Amino acid sequence: MSRASAPNKARARVIAALEKGGPQTRAMLSRHADISRSTSSGIISELLEEGIVEIIEMGPDATRAAGRPGSLVALCQDRAFLVAIDFGRLGLKVGLFDPRYRLIDSYDGDFSVDVDANEALEAAARQVDILLSKNNIDKTSVEAVGVGVPGPVEAETGCIHAGSILAGWIGTDVPGELSKRLGLPVFMDNDANLGMLAESQMGGAMHAKVALYVLLSVGVGLGIAINGEVFRGTGGIAGELGHVVTNENGPVCRCGSRGCLEAQISVNALAQSLSATHRDLTATQMLKRAAEGDLVARRVVIDAGAMAGRQVGALCNYFNPDLILVGGELMRAGNILIDAIKDSMARTTIARAVESVAVRPGALGELAELYGAAIFAHQKALRAMHAPADRKNTR
């Protein structure tokens with residue numbers, strides 16, 4: 001196909017979409033460029049022949065194991081590296097990515113949601129410096145840093161909203177403080193949103209029309225994607241599934257309400273519920289016991305899955321998704337969790353809402369949020385680059 005065969009305006013839209021959104025699937029590129037798939041396909045073929053774009057076959061083995069292999073279209077040009085930080089619910093992860101979202105190196109260490117914000121930010125910044133030094137990458141070659149946190153993030157300010165599991169961090173300008181320490185632009189979002197972003201871009205939800213990403217860990221989160229775009233709501237706090245009250249007489253939640261889903265099925269709450277039979281177990285030990293077949297540990301995981309399934313089933317009535325992915329540390333307990341969620345959904349949701357929805361583990365596993373943070377950082381950096389000067393910021 002010759003260059004002249006593709007309309008110049010459509011061609012420009014495709015290139016602009018790649019410049020603003022980074023590597024993406026063919027379907028997403030067609031939507032972002034606002035052109036038909038056939039027109040988009042022709043333009044991509046043309047750009048491939050000219051060496052302007054390349055096809056990236058997705059690397060993580062889990063992506064291929066989940067079904068159809070995924071591939072992204074990306075511009076063939078040198079871009080800066082990306083850093084991702086995931087203040088996870090049971091650990092701190094830091095990743096160094098190349099311009100094509102391929103993980104070069106990473107750090108995975110302990111983290112507590114009760115740790116002081118300044119201490120956590122210092123630890124994260126230190127690990128970023130170590131990774132860059134270890135891989136001989138200068139900070140001037142880093143485009144941006146993406147950060148995921150377990151809690152709602154205000155869309156306007158980029159700060160952690162009240163009700164977060166990181167209660168001691170509320171009011172802390174995490175992106176600003178990290179930016180000062182690293183000398184780099186920093187962008188932050190809720191971890192479930194980032195997990196959904198990664199699964200939509202390069203994981204198990206690449207072909208989904210309406211997808212839900214349920215994150216089950218020390219907290220409970222939800223990411224929503226419609227036609228590959230993460231839905232965040234008006235203020236950026238959509239998807240707070242963990243703070244749906246399911247028992248008005250239940251335990252007090254960190255957010256101040258009583259009987260929130262999160263207060264009942266978080267991995268810490270489940271571990272504590274075993275104190276009568278197993279004495280003091282950590283969340284990690286409880287999950288290991290469940291995966292190994294411990295009957296009591298399996299019982300509390302199944303009960304948690306059933307409770308989560310009722311709420312996920314209700315979401316099926318609202319959103320009618322074609323895919324539900326489950327992520328987070330609670331998935332370490334194995335398929336008993338997924339089975340419990342499916343059984344509960346079947347019992348409590350209208351048949352038409354669940355008959356065609358697939359429920360399975362996230363394709364990217366516990367790295368989903370880290371990949372999502374890298375993708376988010378790149379997208380936000382590109383948008384900041386194209387935004388008017390008075391609108392640019394580090395959120």
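Glu54 and Arg100 are joined by a salt bridge, with 2.7 Å between their closest N and O atoms, where a salt bridge is a side-chain nitrogen of Lys or Arg within 4 Å of a carboxyl oxygen of Asp or Glu. This pair links distant parts of the chain, since Glu54 sits in strand E1 (residues 53-57) and Arg100 in the loop between strand E4 (91-97) and strand E5 (103-110), 46 residues apart. The structure is a predicted model, in which local features need pLDDT of at least 70 and side-chain atom pairs count only at pLDDT 80 or more, while totals for chains, interfaces and linings use all residues. Residues are numbered from 1 along each chain as its sequence is written, and side-chain values use heavy atoms, with hydrogens and water left out. Helices (H or I, at least four residues) and strands (E, at least two) are DSSP runs, numbered from the N terminus.

**Salt bridges and their exposure**

- Under the definition given above, the count comes to 14 salt bridges.
- Burial is stated by relative accessible area, with buried meaning under 20%, exposed over 50% and partly exposed in between (1.4 Å probe, protein chains only).
- Asp303 and Arg299 form a salt bridge with an N to O distance of 2.9 Å, and both residues belong to helix H12 (residues 295-319), where they are 4 residues apart, about one turn of the helix.
- Asp303, at 39% relative accessibility, counts as partly exposed, and Arg299, at 45%, also counts as partly exposed.
- The side chains of Arg352 and Glu355 meet in a salt bridge at 3.0 Å, N to O, and both of these residues are exposed.

- Strands of a sheet pair through backbone hydrogen bonds, either parallel or antiparallel.
- Five strands make up an open sheet with mixed pairing, in the order E5-E4-E3-E6-E7, and two strands are taken to pair if DSSP finds at least two bridges between them.
- The edges of this sheet are E5 and strand E7 (186-190), each of which pairs on one side only.
- Neighbouring strands in this sheet are turned against each other by 15° on average, direction ignored.
- Strands E4 and E5 pair in the antiparallel sense over 7 bridges, and Phe97 has Leu103 in E5 as its bridge partner.
- Strands E3 and E6 pair in the parallel sense over 6 bridges, with Ala144 in E6 as the bridge partner of Leu82.
- Strands E6 and E7 are likewise parallel, over 5 bridges, and Gly146 has Phe187 in E7 as its bridge partner.
- Strand E6 is mostly covered, as 8 of its 8 residues are buried.
- Helix H6 (residues 174-182) lies across strand E3 (81-87), strand E6 (142-149) and E7, running at about 145° to E7, whereas helix H7 (residues 191-202) lies across E3, E6 and E7 at about 95° to E7.

- Strand E9 (residues 220-226) runs antiparallel to E10 and is joined to E10 by 2 bridges, with Ile226 standing opposite Glu229 in E10.

**Helix H3**

- The buried residues of helix H3 are Ser40, Gly42, Ile43, Ile44, Glu46 and Leu47, and what covers them includes helix H1 (8-21), helix H2 (26-33), E1 and strand E2 (71-75).
- Gly51 follows H3 and has a positive phi, near 75°.

Notes: Axes are lines fitted to C-alpha atoms, for helices over the stretch in contact, and angles run from 0 to 180 degrees between N-to-C directions. Contact means heavy atoms within 4.5 Å.
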